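This report describes one protein model for a reader who is new to structures. Please look at the sequence and the model below before reading on.

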Amino acid sequence: MATVTTNMSEHPAWSDLTFSDNEAAVSTDTVTDYTATSEHNHPIVGDRVIEGDGTSQDAWQNWQGLQDLPRLNLAQNFLPHQRVCVFAPHPDDEILGCAGMLQQLAANGNPIILIHVTNGTQSHPDSQIYPPQKLNVIRPQESLAALKALGIAQQVTTMTLGLADGDVFAQQAPFNEKLAAIIQPDDILVTPFVHDGHPDHEATGQVVSAFAKQHNLACYQALIWAWHWAKPDDGRIPWHCALRVDLTAEQLQRKTQAIACFKSQITVDESTGNPPILSAQAIARISQLWEVYLYEPHV
Ligand SMILES: [Zn+2]
């Protein structure tokens, strides 16, 4: 991660940086005031910045390294009685990163707990159509609709931690306390990659993976926004720890249908004129026959 400076006179506020995921662009009165070191270096995510169109789906499809990754066979590696806790910084991350894994876990009989770290209330700053209080209701509803589209809603228990969207880094202590109340011995944890590129994703990844390490729990880190900023064979991703989950064509079709349930994230905001949070390219890039998880056994 890049060196952080707090010299505000020379550097733009972090909310001035371009995030295609506008969840990061929250009002300054509710957010820790971070500053950036340059146009392309963010104080939290460094050079893992989500801007522009990102790496194309073709680039990923054509990379042999992705084809060669070891496979994660959930039916062989996850005992059916083991509870799996999936952490989504915002309602939709569970589908974008893990819709294939979720379907396979349900088929394997694993109890699934879905934990929304925030309700994603800051995705539409200044919107009259999607003000925070409305998003607070809509986005969990969209998540439930998506689980139904996957055909697994009955097997998933959803809970929300109610942390402030866009500011999870500043709430690591309460986050950790809530974890201690939820997580049980023998749980398997699934979280975004600690260097996924969105500040809330990185904070979630760091809190959850540190908790897993402390309590000797298995922890899988999903790539979500990393597909945007990273390039094939990117040195910022520990590919030697990467495992690939292959989706069937039917599982991918359901994943696509589930993504379509997040109407607030995939439509133009007529009140601000802002484009969809999830661009067509972002959806195409994540709608693949694979998901990738980083897994490091504890020694
Ligand atoms: Zn997110």
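## Glu270

Glu270 counts as exposed, since 10 C-beta neighbours lie inside 10 Å. (A residue is buried if 20 or more other C-beta atoms lie within 10 Å of its own, exposed if 12 or fewer, and partly exposed in between; C-beta atoms are placed from the backbone.) Glu270 sits in the loop between helix 10 (263-266) and helix 11 (280-286). Helices (H or I, at least four residues) and strands (E, at least two) are DSSP runs, numbered from the N terminus. Glu270 and Ser127 are 143 residues apart in sequence, while their C-alpha atoms are 8.6 Å apart in space.

## The model as a whole

This is a predicted model, in which local features need pLDDT of at least 70, side-chain atom pairs count only at pLDDT 80 or more, and totals for chains, interfaces and linings use all residues. Residues are numbered from 1 along each chain as its sequence is written. The mean pLDDT (the predictor's confidence in each residue, from 0 to 100) is 88, and 86% of the residues reach 70 or more. Over residues 1-38 the pLDDT is below 50, and this stretch has 80 contacts in the model beyond near neighbours in sequence. Two residues are in contact if their C-beta atoms, placed from the backbone, lie within 7 Å.

The protein has 11 helices and seven strands. Of its 299 residues, 44% are buried. Among contacts between residues at least 6 apart in sequence, 79% join residues at least 24 apart.

## Helix 4 and its partners

Two packed helices are described by the angle between their axes and the distance between the axes. Axes are lines fitted to C-alpha atoms, for helices over the stretch in contact, and angles run from 0 to 180 degrees between N-to-C directions. The axes of helix 4 (residues 93-108) and helix 9 (residues 249-259) come within 9 Å and cross at roughly 140°. Helix 4 and helix 9 are therefore oblique to each other. Angles under 35 degrees count as roughly parallel, over 145 as roughly antiparallel, 65 to 115 as roughly perpendicular and the rest as oblique. On the helix 4 side, the contact is made by Ile95, Leu96, Ala99, Gly100 and Gln103, and on the helix 9 side by Gln251, Arg254, Lys255, Ala258 and Ile259. These residues divide into five nonpolar, three polar and two charged. Here Ala, Val, Leu, Ile, Met, Phe, Trp, Tyr, Cys and Pro count as nonpolar, Asp, Glu, Lys and Arg as charged, and the others, Gly among them, as polar.

Helix 4 also meets helix 5 (residues 132-150), where the axes come within 11 Å and cross at roughly 35°. The contact joins Glu94, Ile95, Ala99, Leu102 and Gln103 of helix 4 to Ser143, Ala146 and Leu150 of helix 5. By class, this contact has five nonpolar, two polar and one charged residues.

## Loop residues

Most residues other than glycine have a negative phi. Asp126, in the loop between strand 2 (112-118) and helix 5, has a positive phi near 65°. Asp126 is exposed, with 12 other C-beta atoms within 10 Å. Asn216 has a positive phi of about 60° and lies in the loop between helix 7 (199-214) and strand 5 (219-222). Asn216 counts as exposed, with 8 C-beta neighbours inside 10 Å.

Val194 is in the loop between strand 4 (188-192) and helix 7. Val194 is partly exposed, with 19 other C-beta atoms within 10 Å. Leaving aside neighbours within four places in sequence, Val194 is in contact with Glu202, Gly205, Gln206, Ser209 and Gln221.
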